[in-house]
Amino acid sequence: MIDRNILSKLSNKKTPFYYYDTSLLRRTIESIKKESGKYGYHVHYALKANTHDAVVKEMVSSGFGADCVSGNEVQYASEMGIPSERIAFAGVGKTDEEILTALRVGIFSFNCESIPEIEVINELAAKEGVVAPIAIRINPDVDPKTHEYITTGLKDNKFGINHWDFDVVASKLKKLKNIRLTGIHFHVGSQITDMSVFEQLSLKINKISAWFKDNDFQLQHINVGGGLGINYDSPASEPIADFAAYFKAFHEYIQLEEGQELHFELGRSVVAQCGHLISKVLYVKQGLETQFMILDAGMTELIRPALYGAHHDISVLTSELEEEKYDVVGPVCESSDVFAKGVMLPKSQRGDIIAIHSSGAYGQTMASSYNMRDLVLGYTTEEL
Ligand code: LLP
């Protein structure tokens, strides 16, 4: 999984840090381009998953657009060289300042999540003397069958506009002069591995886009969001997600009008598998039933296990001794600062190097400096 040839380079860096395998990242991007290209689909990279500059540069050269959720992400995407006509901006709580940033960048689409937000965008666009392209984010009430914290498209979630508000939205859209409806937007959740969820979503979208057509709206694009999951259990056996099956699911079930574009916002599936959190064993301590392997990385560097009970595969890169049972924990003053409980790993000692795999998405971007810890850094293969 991690090329042994780079072990000496990894050992020379101050731990903990993220290592991004550029070769795997490029192969993943190639697979996305090949499979989405078959149908002429448009891919936006969801910046929230990973904003390490060198990683984002790969997205820029691949020609992907960006999916942003803050004014800072919009500004960053634009500064990194993502063409403004490929930048989408979602989020339930866009501030006036953020909306103005996006209006000035001149983005592809404001993905609007409420009626008052549409009114505010119209008002600010009028002040700026422009017409803002908007897509209505719709809550399709589709169960993504994933962790409740990363479910976004059920009717009691805060995201999107519900179908019972469509009539009000339609009349607003017809009246407001400084917005222009260009599309509809969806995103039902993340880490979705059951392709039937995308089939369900496509069938719901067909009904919803028919409603817009019946109400005399011409939709230039449909944006289905992101959500494709990866294999956290055995990343080595599936380093690249099944993009062929993913895009095919939409191709089979979604009905597009002549000339209508289909857009995607992929985050996790693009960057998760290429990232590894590299850490050192500080101490091994005997607990009641298991030993604690205490690392210099903790929930401040990778919060997913503490926040979602997420599983990340762990390897000891510097020991091939017989396996023993460990609770792998971090140094932070919280009992939830645990990466894994009761896992079998090669017998380890102080100084051994550990890799926590599949952590390229929502790892470094969710890091904090709680306990006044240094904010974790990241390096691609070339940057090591
Ligand atoms: N589009 C929208 C509107 C989103 O909210 C998201 C993710 C994406 C696209 C990208 O979804 P992806 O392809 O990565 O599944 N921190 C959580 C994941 C939160 C996802 C938030 N929205 C985690 O670590 O699992």
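Two remarks on conventions come before the structure. Residues are numbered from 1 along each chain as its sequence is written. Because the model is predicted, local features need pLDDT of at least 70 and side-chain atom pairs count only at pLDDT 80 or more, while totals for chains, interfaces and linings use all residues.

I begin with the domains. The chain is assigned domain 1 (22–271) and domain 2 (275–383), with bounds that come from an automatic or database domain assignment. Taken over C-alpha atoms, their centres are 33 Å apart. Domain 1 brings 18 residues to the contact and domain 2 brings 17; two residues are in contact if their C-beta atoms, placed from the backbone, lie within 7 Å. On the side of domain 1 that touches domain 2, at least two residues each come from α2, α3 (53–62) and α10. Helices here are DSSP runs of H or I with at least four residues, and strands are runs of E with at least two, numbered from the N terminus. That side of domain 1 holds eight nonpolar, seven polar and three charged residues. In this scheme Ala, Val, Leu, Ile, Met, Phe, Trp, Tyr, Cys and Pro count as nonpolar, Asp, Glu, Lys and Arg as charged, and the others, Gly among them, as polar.

I turn now to helix packing. Helix α2 (residues 22–37) packs on helix α9 (residues 243–253) at about 30 degrees, with axes 9 Å apart. Axes are lines fitted to C-alpha atoms, for helices over the stretch in contact, and angles run from 0 to 180 degrees between N-to-C directions. The two helices are therefore roughly parallel, a term for angles under 35 degrees. From α2, the residues Ser31, Ile32, Glu35 and Ser36 meet Phe243, Ala244 and Phe247 of α9. Four nonpolar, two polar and one charged residues make up this contact.

Helix α2 also packs on α3, where the axes come within 11 Å and cross at roughly 30 degrees. Leu25, Arg26, Ile29 and Lys33 of α2 touch Val55, Glu58 and Ser62 of α3. This contact contains three nonpolar, one polar and three charged residues.

On α9 there is also helix α8 (residues 195–214), at an angle of about 30 degrees and with axes 9 Å apart. From α8 come Met195, Phe198, Glu199, Ser202 and Leu203, and from α9 come Ala245, Tyr246, Ala249, Phe250 and Tyr253. Here the classes are eight nonpolar, one polar and one charged.

Two backbone details complete the account. The peptide bond from threonine 15 to proline 16 is cis, with omega near -5 degrees, and proline 16 sits in the loop between α1 (7–12) and β1 (17–20). Aspartate 141, a residue other than glycine, has a positive phi near 55 degrees. Aspartate 141 belongs to the loop between β6 (132–137) and α7 (166–175).

Note on methods:
Parallel < 35°, antiparallel > 145°, perpendicular 65-115°, else oblique.
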